[in-house]
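Please look over the sequence and the model shown here, which the report below then describes in words.

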Amino acid sequence: MSADAVPLSGRSAQAQGLGGSDEPSSPRGLRAGFGPRRPAASGEPGTRKRLSPWWGALLPLVLLGAWQLATSTGNYPASQLPSPAAVVRAAGDLWERGLLQQHIAISAQRVFVGFALGAAAGLAVGSLVGLSRWADALLGSTIGALRAVPSLAWVPLLLLWIGLGEPPKLTLVAIGAFFPVFTTTASALRHVDAGLVEAGRAYGLRGIALLTQVQLPAAVPAVIAGLRLALAQSWLFLVAAELLASSIGLGYLLTESVNNGRTDRIFLAIITLAVLGKLSDAVVGLFERWALRRWA
Amino acid sequence: MSSAVSAPASRAGSAAAPRGAGSPVAVQLQGVGRTFGDHVVLADVDLDVAAGEVVALLGPSGCGKSTLLRAVAGLDAPSTGSVLLDGAPVRDHDPRCAVAFQEPRLLPWRTLAGNTALGLPPGTPKAEGRERVAALLDVVGLARFADHRPRSVSGGMAQRAALARALARRPGVLVLDEPFAALDALTRLTMQDLLLDVLAATPTTVLLVTHDVDEALHLADRVVVLGRPTGAPPEQGAGVLRTTEVELAHPRDRGDAHLASLRAELLELLGVPRA
């Protein structure tokens, strides 16, 4: 763990998911919900030349420099703003004692298990609501209301019902992952190009065959955009779970450090969350690019 | 093999020929009407199309031509009357029917070959299907593009792939909804002749909707004009206004004098006098 790469920008982009903005917000995700919009000429539609991803490292480096500068002037006490070196030292200390690895491992495990559970449920319920008018009418507004509940509001109830240990934390992460996947899946399936569906019907596709050969593939790009949002939201809900009731994990590291006045470890926890969130998002981003080439 | 056969009775018609051999199917429309809400689109359309006949449907926009085709293909149920294929009523999709739409409507995640394969009759053996798809893509001039995705080819090429998909079915009835309308003028003429070649090789009943009077006269054995009679109230549905036989053997000369006089008649009927 080193503190010299601080991709703060990555985390801030994800933080937009906090307010429950789990609509497919990327224009690619939206467009993908509809059928082929054929450009008159051949070639890839709407591809803008992308700059090198290394430009994304510029701002973190500038921030790191500013941070170093601010601490070396001595204007801020270390209890408010520890130096980058102090944060690196704190990381090294925890790492040597095997604690940092443990915090990271347990938090990552909670995110991935919770995400998998929530995303699977979101896919299932989203497909149902997207394809069946009955399910939509019966479930749509209830799920919409549940979605409006802020993540922290669930915590007391989960503790009360499920108790301590892993289950309530996994449940909270799963809740966080569920809604983005549910919303994007339902809306993508609802908006599959009617012309494509009719073409499928005209060639004898029905029921499951129509679903697997036309409707689901057409929804794939939007669903993957939803999975990406869900993963970001899983990290947010994870910290909510760990802040309140845990004895291990990055959220716990955060609260414990607040209680002990270890500002260096607060920085460490925040930076670690940023890096992990950005890394997991990048992995899903690669998968998304592959899927868009394959399915869109 | 096919769970999509609409009714046991529909097997009677094709019993004489091996299944999937694409022997042409007779189409009968009996008193077909279609209403959307209070809007009467079609009223009381009667039309007999003999097996192997090519019928072009002409008419102003919104007169229900596409609605009629969708009823034949089993994609829409008429409000009144019935559609019979070889004497059996169409209830649902019929595997003997193949449709090409105004737009290509290809699945963007499949190659042109994969899209063409969607048209193969259900239960076609893999190897035979591959061969047939390759042959059809060759017929429509897309052999080199078999592995391309729809978005990487031009609109005209995609439309040709859509035609290949329809032909892959060896349809008894080929339903074409302005299939060449979006093509440039030259490609359109090429495609019309290509269709005639295919029909000469494998006789098929064709119902073709078009806005292009010349196209109708070049392709069809019979041109049917749909619309409302002049002076009829707007809420009256459209019906068959006029049927014109085109008794001219293929290949037809596009500049033929007889065709020219038919063209003038039809254009006048469609509200464009003295073309």
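## The interface between chain A and chain B

In this predicted model, chain A and chain B share twelve residue pairs in polar contact, with both residues at pLDDT 80 or more; a polar contact is a pair of N or O atoms within 3.5 Å, where within protein one must be able to donate a hydrogen and the other to accept it, and residues adjacent in sequence count only if both atoms are side-chain atoms.

The rule finds three salt bridges across the interface, each a side-chain nitrogen of Lys or Arg within 4 Å of a carboxyl oxygen of Asp or Glu; the side chains of Glu198(A) and Arg70(B) meet in a salt bridge at 2.3 Å, N to O. In contact terms (heavy atoms within 4.5 Å), 24 residues of chain A touch 28 residues of chain B.

Residues are numbered from 1 along each chain as its sequence is written, and chains are lettered from A in the order in which they are written. Local features need pLDDT of at least 70, side-chain atom pairs count only at pLDDT 80 or more, and totals for chains, interfaces and linings use all residues, while side-chain values use heavy atoms, with hydrogens and water left out.
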